[in-house]
Amino acid sequence: MPILKSKDAFLASTALAAGASVTGTGVDLREKYGTAIVAIVTNGATGPSTPPLFIVEVSNDDSIWDEIFRAVAKTGNNAKTPFVYRVAPEILRARVKFTAGTGQGSTVVARGHSVDTLG
């Protein structure tokens with residue numbers, strides 16, 4: 001029997017103004033055997049003066065969220081910073097958060113790739 005995989009929408013492509021933040025929807029991972037979050041931060045023609053942040057939060061009930069991962073994106077002009085974060089199969093729910101750097105905004109996106117069924 002083949003391994004069945006699926007995609008999860010953590011956050012659609014979003015343009016963030018300088019200093020702004022956005023939080024994606026919590027994704028239910030209770031029936032997944034593991035998930036990889038692929039996130040990308042893309043700066044404009046002028047990069048921010050402080051770096052954008054990529055954050056992963058987890059919850060067991062959708063009411064209290066705990067930060068478990070934080071990464072810093074590049075500040076260069078037109079810089080594109082990819083991140084991959086593997087969510088353990090024990091995690092019940094996860095979501096992403098991005099904070100744009102100061103001075104200039106960035107475009108952010110996060111997609112999930114999950115294993116649903118083991119062969």
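Mentor: Start with Lys 32, which has a relative accessibility of 17% and therefore counts as buried, the cut-off being under 20%. This is a predicted model. Asp 8 is buried too, its relative accessible area being 11%. The two residues form a salt bridge, in which the closest N and O atoms are 3.5 Å apart. Asp 8 belongs to strand E1, whereas Lys 32 sits in the loop between strand E3 (27-28) and E4, so the pair ties together parts that lie 24 residues apart in sequence. Side chains of opposite charge can pair when their charged atoms come close.

The structure has seven salt bridges. Another one of them joins Arg 93 to Asp 62, with 3.1 Å between the closest N and O atoms. Distant parts of the chain are linked here as well: Arg 93 is in strand E8 and Asp 62 in the loop between E5 and strand E6 (66-72), 31 residues apart. Arg 93 is buried at 12% relative accessibility, while Asp 62 is partly exposed at 44%. Arg 70 and Glu 67 also form a salt bridge, their closest N and O atoms being 2.9 Å apart. Arg 70 has a relative accessible area of 46% and is partly exposed; Glu 67, with 40%, is partly exposed as well.

Next, the strands. An open sheet of four strands runs in the order E1-E9-E4-E7, and the pairing is antiparallel. E1, the strand of Asp 8, stands at one edge and E7 at the other; each has a single partner strand, so one side of each is left without a neighbour in the sheet. From one strand to the next the twist averages 15 degrees.

E4 and E7 run antiparallel and are joined by eight bridges. Among the bridge partners in E7, Lys 80 is that of Thr 42 and Val 87 is that of Thr 35. In a regular strand the side chains alternate between the two faces of the sheet.

E5 is covered in another way, with seven of its seven residues buried. Leu 53, Ile 55, Glu 57 and Ser 59 point one way, Phe 54, Val 56 and Val 58 the other way, and all are buried. E5 is joined to E6 by six bridges, the two strands running antiparallel; Leu 53 has Val 72 of E6 as its bridge partner. Six residues lie between E5 and E6 in a hairpin, and Asp 62 in its turn has a positive phi of about 70 degrees. This is the Asp 62 that forms a salt bridge with Arg 93. E5 also pairs with E8, again antiparallel, through seven bridges, and Glu 57 stands opposite Arg 95 in E8.

In one of them, the rings of Phe 54 and Phe 83 have centres 5.3 Å apart and planes at 20 degrees, so the pair is stacked. Phe 54 comes from E5 and Phe 83 from E7, so parts 29 residues apart in sequence are tied together. Phe 54 is buried at 0% relative accessibility, and Phe 83 is buried at 10%. In another pair, the rings of Phe 69 and Tyr 85 have centres 4.7 Å apart and planes at 35 degrees, so this pair is tilted. Phe 69 lies in E6 and Tyr 85 in E7, so this pair ties together parts 16 residues apart. Phe 69 is partly exposed at 25%, whereas Tyr 85 is buried at 17%. Ring pairs link Phe 54, Phe 69, Phe 83, Tyr 85 and Phe 98 into a cluster.

Finally, the core. The largest nonpolar core has 23 residues, and those with the most contacts inside it are Ile 37, Phe 54, Val 96, Phe 98 and Ala 110. Strands E1, E4, E5, E7, E8 and E9 each give two or more residues to this core. Leaving aside residues up to four places away in sequence, Ala 110 touches Ala 9, Phe 10, Leu 11, Ile 37, Val 38, Ala 39, Val 96 and Phe 98.

Conventions: Residues numbered from 1 in each chain as written. Predicted model: local features only at pLDDT ≥ 70, side-chain atom pairs only at ≥ 80, totals over all residues. Heavy atoms only, no water. Core = buried A, V, L, I, M, F, W, Y, C linked by side-chain atoms within 4.5 Å. Buried < 20%, exposed > 50% of the residue type's maximum accessible area, 1.4 Å probe, protein only. Contact = heavy atoms within 4.5 Å. Pairing = 2+ DSSP bridges. Axes fitted to C-alpha atoms, helices over the stretch in contact; angles between N-to-C directions. Salt bridge = Lys/Arg side-chain N within 4 Å of Asp/Glu carboxyl O. Phe/Tyr/Trp six-rings, centres within 6.5 Å; stacked < 30°, edge-to-face > 60°.
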